[in-house]
Amino acid sequence: MKIERPIIALDFPDKQTVDNFLKKFPANQQLFVKIGMELFYSEGQTMVQELIAAGHDVFLDLKCHDIPHTVEAAMRVIGKLGVKLTTIHASGGTSMMEAAVSGLLDGSNGDPSAKILAITQLTSTTEMQLHQEQLVTASMQTSVLNYAALAQQAGLGGVVCSAWEAAAIQAQSQPNFLRVTPGIRLAGNSHDDQKRVMTPDQAASNGSSAIVVGRAITQAADPVAAYQLVEKLWRKQV
Ligand code: C5P
């Protein structure tokens, strides 16, 4: 399964900046957008509700991680909002992931289009931190693949991963298990703080089922043109 529209990361501080950005797009264009912690903590549920009411699909990226009961309750609230994608940390454990699935299903009245993605190891975590701080002796790759397998067994809809890991996760998963990949850049873009990046067409060839694109679109001189190019490359139409 492939999500055809690139997901735009709305990494903005407030609603005013979001509105200024979105008004560059044609009024009837329905986008797939990601709301992260900064925007959600500043604008709350209203921001999610407004974007959904305007016809956009929303990925609410809050990376929940707590005891199963608490995450289940949080997912029930998130499910009621009508978002398509949301995130939890796989390191919370299988029972937390199962509780999350049950909470989201309950809140969304069993909407099959609402999915939870697992964060495996954060891309900011280094192999050295894994061994010296988490005291994990396995390699990063083994840990990521293990968390992806546990997430699938717990009933999650997919993982957030680097496009560099997508093919290996695809190889061990059911076809509908999503590999949602940030760290996407256009040729000539700055890498910013992302270490391992891919272009949209490379990500498509490497087993990504959806791409999340922030600065390559939001900081472009012409964000709409950048979005259109990303979309064409992702769909391999250029
Ligand atoms: O601007 P850029 O395209 O790098 O933004 C990528 C988005 O994906 C940001 O919202 C960032 O928080 C998110 N993300 C990431 N790497 C992960 C998980 C999420 O870059 N491993």
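**Strands, a ligand site and a buried histidine**

Within strand β8, Val 212 is the bridge partner of Ile 7. The model is a predicted one, in which local features need pLDDT of at least 70 and side-chain atom pairs count only at pLDDT 80 or more, while totals for chains, interfaces and linings use all residues. Residues are numbered from 1 along each chain as its sequence is written, and side-chain values use heavy atoms, with hydrogens and water left out.

Strand β1 (residues 7-9) pairs with β8 in the parallel sense over two bridges, pairing being assigned if DSSP finds at least two bridges between two strands; strands (E, at least two residues) and helices (H or I, at least four) are DSSP runs numbered from the N terminus. Strand β7 (residues 178-181) also pairs with β8 in the parallel sense over two bridges, and here Thr 181 stands opposite Ile 211. Together with helix α9 (residues 200-205), β7 and β8 make a right-handed β-α-β unit, right-handed meaning that, with the strands pointing away from the viewer, the path from the first strand over the helix to the second runs clockwise. In β8 itself (residues 210-213), Ala 210 and Val 212 point one way and Ile 211 and Val 213 the other, and all are buried, that is, under 20% relative accessible area with a 1.4 Å probe and protein chains only.

Turning to the ligand, 13 residues lie around it, of which Asp 11, Thr 123, Gln 194, Gly 214 and Arg 215 come nearest, a residue being counted if one of its heavy atoms lies within 4 Å. A polar side-chain atom of Asp 11 lies 2.7 Å from an oxygen atom of the ligand, one of Arg 185 lies 3.0 Å from a ligand oxygen atom, and one of Thr 123 lies 2.9 Å from a ligand nitrogen atom. The protein covers 83% of the 470 Å² of accessible area that the ligand has on its own, as given by the Shrake-Rupley method with a 1.4 Å probe.

His 56 is found in the loop between α3 (45-53) and β3 (57-64), and counts as buried because its relative accessibility is 10%. A polar atom of the His 56 side chain lies 3.0 Å from the backbone nitrogen of Leu 31.

Four bridges join β3 to strand β2 (residues 32-35), the two running parallel, with Asp 57 as the bridge partner of Phe 32. Strand β4 (residues 85-89) pairs with β3 in the parallel sense over three bridges, and the chain crosses from β3 through helix α4 (residues 68-81) to β4 in a right-handed β-α-β crossover.

Methods
Buried < 20%, exposed > 50% of the residue type's maximum accessible area, 1.4 Å probe, protein only. Polar contact = N/O pair within 3.5 Å; in protein donor to acceptor, adjacent residues only side chain to side chain.
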